Amino acid sequence: MNLSALNRKLDAISPGIHAFIDDGAVHIEGQCSSYDDVVRCGILAARLHSRGVVNDCTCADVKEEPMRLPETQDLSLDGRSFDVVVIGAGVVGCAIAMELSHRNLSVAVLEKEYDVAVRASSRNDGMIHPGIDLHPGQRKTYFNCRGNRMYTDLSQRLGFKFIRNGSYVVFDRWWNLLTVPFFHLRAAMCHVDGVRYVTHRKLGRLQTSVASWQKGAMFLPSSGIVEPYQATVAFAENAADNKASFFFDTAVLDLICTDGLVSQVITNRGTIHALSVVNAAGVYSDRIAALANDRFFTIHPRKGTEMILDKDAGSITESVIAKVPFSDVKQHTKGGGVVRTASGNILVGPDAHETIQREDDSTSSQSITDILAKHKATVPSLDKRQIITYFSGTRACTYEEDFVVERSTKAGNLVHAAGIQSPGLTAAPAIAVEVASDIDNIFSDIYKRSIKVRSDAILTRKAPHVVSEMPLEQRDELIRSNPDYGQIVCRCEQVSRGEIIEVLRSSLPVYNIDAVKRRCRCGMGRCQGSFCSPSVAGIIAEEAHCSFESVCKGLGVFVKGKVKETSR
Amino acid sequence: MIDVLVIGGGPGGLAAAVSASKAGASVMLLDREHALGGILKQCIHDGFGLQRFHKQLSGPSYAQAFIDEILLLPVDIRLDCFVFEVSCLEDGSFRVLASSRDGIIDVNALAVVSATGCRERTARQVSIHGDRVSGVFNAGCIQNLVNLHGYMPGQRCAILGSGDIGLIMARRLTLEGAEVVGVFEAKKTPSGLERNIHQCLDDFGIPLHLGCTVTRTIGHRRLEAVEVADTDDAMNPILSTSRIVSVDSLIVSVGLIPEVELLKNLPVKMDSRTHGPVIDQKGMTSVPGLFCCGNSSLVYDLVDYVSLASETAGQSAAKWAKNRGLARKTEIQVHPSGPLLFISPSLIDMDSSSVRFFFRASEELEGRTLTLCQNGHEIFKRTYSVLRPPQMETFEIRTELLDPDHAVEASL
């Protein structure tokens, strides 16, 4: 397709939509009647295979909500300077910060939320993808393949749970079997190891919950699972152990460029001087790029919803059961699946819906119903009554449906790690290696400084205690050394007071009920924190030396004031 | 080796431990909290003990009566002690593992009484969607926060579900100066006891919206509003009726489920109606020597009945420990039919002079008769002028009336 053909097709969607090429990227402008049309225009423009699509089309039916900003307004960071400022503390930002923190560089991570992994990095299925469904030429395929192989070592060094439990892509039609050679070819092209076909009979033996009429499956042994927030916390804590500074509730409001370099980062907490900047801002990564006048891609958020079933349903599978993605070929999701999480729950989902709201994490009953219906076809025993919770997140997708991992052509000291959607969790460690080498080059090219890994860099992190998984003797010994490990606070997940205090005394403590939940699982069980949240809030208040009323759950305070004063 | 190990120091566990000890057994009681009394500690309203003590007591006073009694008995009480595993040993006794501040407690017992209470269904389990914000609580959590810690969930509250705890907290929050904008109940009839509707809502002018449910939470940092909608006969919201109610907290009181997590790795048969284990009139489960009582066996309406049934369980556990190895000789199944939410026990042990039954109707009924038949032969019959699901009914029959060769058909 060429530009004039594109313009004709755009005009057919909505009269007046106009495309032009600027700096290698295709820009589209005009007014659409609906947001769906805006997305259609963007998808169409991507077929031009330019450097990127900048979609400036507006729509009449919905309005984008402004970025949610932290309430904090101060000058506590004003005048600080760092070698590298990483914008965003999702899994990508934290992996990059970790990689950079091992070098002779001062690193700051700015995050507008109250913790790491608040948005997409904790709102995904935790799969370490094999990468078979990706296109061989894409950047995401390259990073996915490398990232996948890094997780075994990372999980051991950094003490987070990683299980290479393999996944089954189940065929539901006989004709699907014709694609087996295609799978093998793809596996070879994408460097996916160990892929094999499992017959219908063998599948029935291995995965008893899969519907008996399914026609066999491809088994992908390199597929694995982590708790995504725990992996992100592990990266961030290792970065903090290596003296990276994390600033939460800190939003980037502007970038000041001088002589083709980003020199200042303006935030709600003052102006920070930076020698280099990494854009890992997720759904806002196009906006950060725009602040540096480097517009060549647009993020169109794609929302996904997933549900978690009670651990009682954990026997459904030990691995991942996915449907063959042919039926969803138009939908940009891996089609989701039935996933056994690293903690032993069953997770079902996600789905994929385009949305204009970049931070829309609301859920709807329709999504739950649809997801359940879809996966019941493969796993009939899925039971709505076993759902204990559900959540949504937004993927940071570009119209090219690929990652943007490169040095900016406009600001010489800016590196983009943008447009990271699925399989971003898998790819993050590999992206970090790439970005760190870009930063090395920036310092040698621009500042004539040689960057190397410090000999005293801390490369390991002690795994936090999980008493419920410890052998009895060890657990007894630990309790005798610290009785707090014997006092169970969360009865569903059996988390002790000692484990909660441990996360609150880590190298990167976050005094928030939800932050504690992500780190040690208290409140993640079937009662969803009904019993333990008052106790957890009490422990947080003690550890943070703050009042009980100021303890937050997520963004909001947990309680609102005291009961009436009693007269004595 | 302990004779009877009781898990839980709430009303069920206390009554079971007291009666087992009085029956001569050596008893150990383990409780996960720092003080005895269980959930009664936070139930500072009155209305407890009318059946048992013939007066209205608060929750803590009701529990205290049992605590005073147990402290005089040679019961080994361990607090801050969380039982995480119960397993059967080859000789039919039990190994119980618990975590305490002094280390792992690893004990053997001839009989175990599980009295772990119940927990609430959560907002997620009734499919509340929308923004994920702070300010959505279970009623029990609010009861704990307000009554034990002295903190308020908010100043303008909506309550979803007309369960008793929700009604009681509606009153409590009003007394503490909060505005309760209403209690929303998806069903056409209330789930709580009638006396609580009068005493907690009517007396304080709190509106009860029957056939109306909360469909969505709205807010950014903390809850700002909820969307409510009327429900159709299948309890699904009618979207055209939805409206926004501004509140800063939502309190969910949508039903209780027996907490049976500890029984899950034992071959215990479950009762799909009570959501607890299948038990006989002595509280014994399908695992010989393992007893279950109180709200962890079935959800009671009155604590007085919990005490009553748990005393029987405690006595029976003591007797079991004394004559260990004596399995149930003859047992009869009870099969419910008709609009019965449940009838308990679902198993009758004939080695006993009487059976006390508890049942709840699944819908509001007038002038209905409960009959027990065996092989077409009527054994018991009682007509109730009115039956309501929130209210449990109880009656006792003598076992000599029963034919040990036939199942009992209970129909309403």
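Modeller: Before we start, one definition: two strands pair if DSSP finds at least two bridges between them. And keep in mind that this is a predicted model.

Colleague: Which helix goes with β1(B) and β2(B) in a β-α-β unit?

Modeller: That's α1, residues 11–22 of chain B, and the unit is right-handed.

Colleague: What about β8 of chain B, how does β1(B) pair with that one?

Modeller: In the parallel sense, over five bridges; β8 covers residues 103–114 of chain B. There, I2(B) faces A109(B) in β8(B).

Colleague: Why do you call β1(B) largely enclosed?

Modeller: Because six of the six residues in β1(B), residues 2–7, are buried, the rest of the structure largely encloses the strand.

Colleague: Other end of chain B now. In what order do β22, β24 and β27 sit in their sheet?

Modeller: The order is β22-β24-β27 in chain B, an open sheet of three strands with antiparallel pairing. Its edge strands are β22 (340–344) and β27 (393–398) of chain B, each pairing on one side only. Neighbouring strands in this sheet are turned by 20° against each other on average, direction ignored.

Colleague: And how many bridges hold β22(B) to β24?

Modeller: Four join β22(B) to β24, which is residues 354–361 of chain B. S344(B) stands opposite F358(B) in β24(B).

Colleague: Switching to chain A. Where does helix α4 bend?

Modeller: At Y151(A), by about 40°; the helix is residues 139–158 of chain A. Y151(A) is also one of the buried residues of α4(A), along with others including F143(A), G147(A), L154(A) and L158(A).

Colleague: What do those buried residues pack against?

Modeller: They pack against β8 (127–128), β9 (162–163), β13 (224–226), α7 (228–241) and α10 (424–445) of chain A. Just after α4(A), G159(A) takes a positive phi of about 65°.

Colleague: You mentioned α7. I've got A236(A) selected, which is in that helix. Is A236(A) buried or exposed?

Modeller: Buried: A236(A) has 31 other C-beta atoms within 10 Å, and 20 or more is what it takes to count as buried. Its contacts beyond four places in sequence are A89(A), C94(A), A97(A), V116(A), F246(A) and L508(A). The C-alpha atoms of A236(A) and C94(A) are separated by 5.0 Å, though the two are 142 residues apart along the chain.

Colleague: And K215(A), where's that?

Modeller: K215(A) is in the loop between α6 (200–206) and β12 (217–220) of chain A. It counts as partly exposed, because K215(A) has 16 C-beta neighbours inside 10 Å. Leaving aside neighbours within four places in sequence, K215(A) touches several residues, among them F171(A), W174(A) and H200(A).

Colleague: Last one: how many residues of chain A are in contact with chain B?

Modeller: 42 residues of chain A, and they meet 41 residues of chain B. On the chain A side, β23 (387–398), α11 (472–481), α14 (533–544), β28 (552–553) and β29 (556–557) each supply at least two residues. By class, that side has 17 nonpolar, 14 polar and 11 charged residues.

Terms used
Residues are numbered from 1 along each chain as its sequence is written. Chains are lettered from A and ligands numbered from 1 in the order in which they are written. This is a predicted model: local features need pLDDT of at least 70, side-chain atom pairs count only at pLDDT 80 or more; totals for chains, interfaces and linings use all residues. Axes are lines fitted to C-alpha atoms, for helices over the stretch in contact, and angles run from 0 to 180 degrees between N-to-C directions. Two residues are in contact if their C-beta atoms, placed from the backbone, lie within 7 Å. Ala, Val, Leu, Ile, Met, Phe, Trp, Tyr, Cys and Pro count as nonpolar, Asp, Glu, Lys and Arg as charged, and the others, Gly among them, as polar. A residue is buried if 20 or more other C-beta atoms lie within 10 Å of its own, exposed if 12 or fewer, and partly exposed in between; C-beta atoms are placed from the backbone. A crossover is right-handed if, with the strands pointing away from the viewer, the path from the first strand over the helix to the second runs clockwise. The bend at a residue is the angle between axes fitted to the seven residues ending there and the seven starting there.
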